[in-house]
Amino acid sequence: MKLVLVRHGETASNVKMALDSLPPGPPLTDAGVAQAAALAEALADEPVAAVYASTAVRAQQTAAPVAAAHGLDVEVVEGVQEVFCGDLEGRHDREAFEAFIAVAKRWGEGELDVPLPGGESGRQVLDRYLAAVDRVAARHRDGETAVLVSHGASLRMAALALAANVSPGLARAGLLPNTGRVVLERTPNGWLCTSWTGVDVIEQELPL
């Protein structure tokens, strides 16, 4: 089974670099709509068996053209929404951004129980996201591709936790652009990341 994790298309909040996590959230911009159409074209030849999206409008709008291209409906999944920013929600000032990055850095160093001010901890994010991936994966057999459209920060955290061949350095350096993709393949030893925003990482093998 292949699982394609996709960040949603551009929104107005992305343009002004606002911390915007609460569903349903803003819709796609015109540029975001075009990105979603390009995503559908890029995945047109994949054997897509299902298309999933978070509870956010932007994720569902991004997923819709992909689903339509394969004659499918978008299935909304609980648990894969963006990291809840708490007291930082809606802010786009330097202080808020630095506060978010400081906590995210601690999560990357293993301090998952540290929360954002008034928001979620890294452990809470991973618990809900990984449980959702387990539910999705249980529905699919080998040879099928599932597409899951969600959000940059939570997606990066989940991919790092799921695939043993994704290093923290890659996760930090490979920031996902709008409609950027992380491709995971299910193996007998767990999930293997084969592509991170177009970077081939299949050479690194999972431990036995």
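Q: Okay, a polar contact is an N or O pair within 3.5 Å; within protein, one must be able to donate a hydrogen and the other to accept it, and residues adjacent in sequence count only if both atoms are side-chain atoms. With that in hand, which backbone nitrogen does the side chain of Ser 54 reach?

A: The one of Ala 56, at 3.1 Å. Keep in mind that this is a predicted model, where local features need pLDDT of at least 70, side-chain atom pairs count only at pLDDT 80 or more, and totals for chains, interfaces and linings use all residues. Residues are numbered from 1 along each chain as its sequence is written, and side-chain values use heavy atoms, with hydrogens and water left out.

Q: Which side chain does Ser 54 join in a polar contact?

A: His 151: the two side chains are joined by a polar contact of 2.7 Å.

Q: And where does Ser 54 lie?

A: Look at the loop between β2 and α3, where α3 covers 57–69. Strands (E, at least two residues) and helices (H or I, at least four) are DSSP runs, numbered from the N terminus.

Q: Is Ser 54 buried or exposed?

A: Ser 54 is buried, because its relative accessible area is 0% (buried is under 20%, exposed over 50%, partly exposed in between, with a 1.4 Å probe and protein chains only).

Q: What is Ser 54 in contact with?

A: Skipping neighbours within four places in sequence, Ser 54 has contacts with Ala 59, Gln 60, Val 76, Val 77, Val 80, Gln 81, Val 149 and His 151 (contact is heavy atoms within 4.5 Å).

Q: New topic: where does Tyr 52 lie?

A: In strand β2, which runs over residues 48–53.

Q: Why is Tyr 52 called buried?

A: Because Tyr 52 has a relative accessible area of 1%.

Q: What does Tyr 52 touch?

A: If you don't count residues up to four places away in sequence, the list includes Ala 63, Glu 75 and Val 77, and also Val 136, Arg 139 and His 140. Ala 146, Val 147, Leu 148 and Val 149 are on it too.

Q: Which side chain makes a polar contact with the side chain of Tyr 52?

A: That of His 140, at 2.7 Å.

Q: What separates the C-alpha atoms of Tyr 52 and Thr 194?

A: 20 Å, and along the chain these two residues are 142 residues apart.

Q: What is the mean pLDDT of the protein chain?

A: It's 92, and 94% of the residues reach 70 or more (pLDDT is the predictor's confidence in each residue, from 0 to 100). Over residues 204–208, though, the pLDDT is below 50. Beyond near neighbours in sequence, that stretch has 12 contacts in the model.
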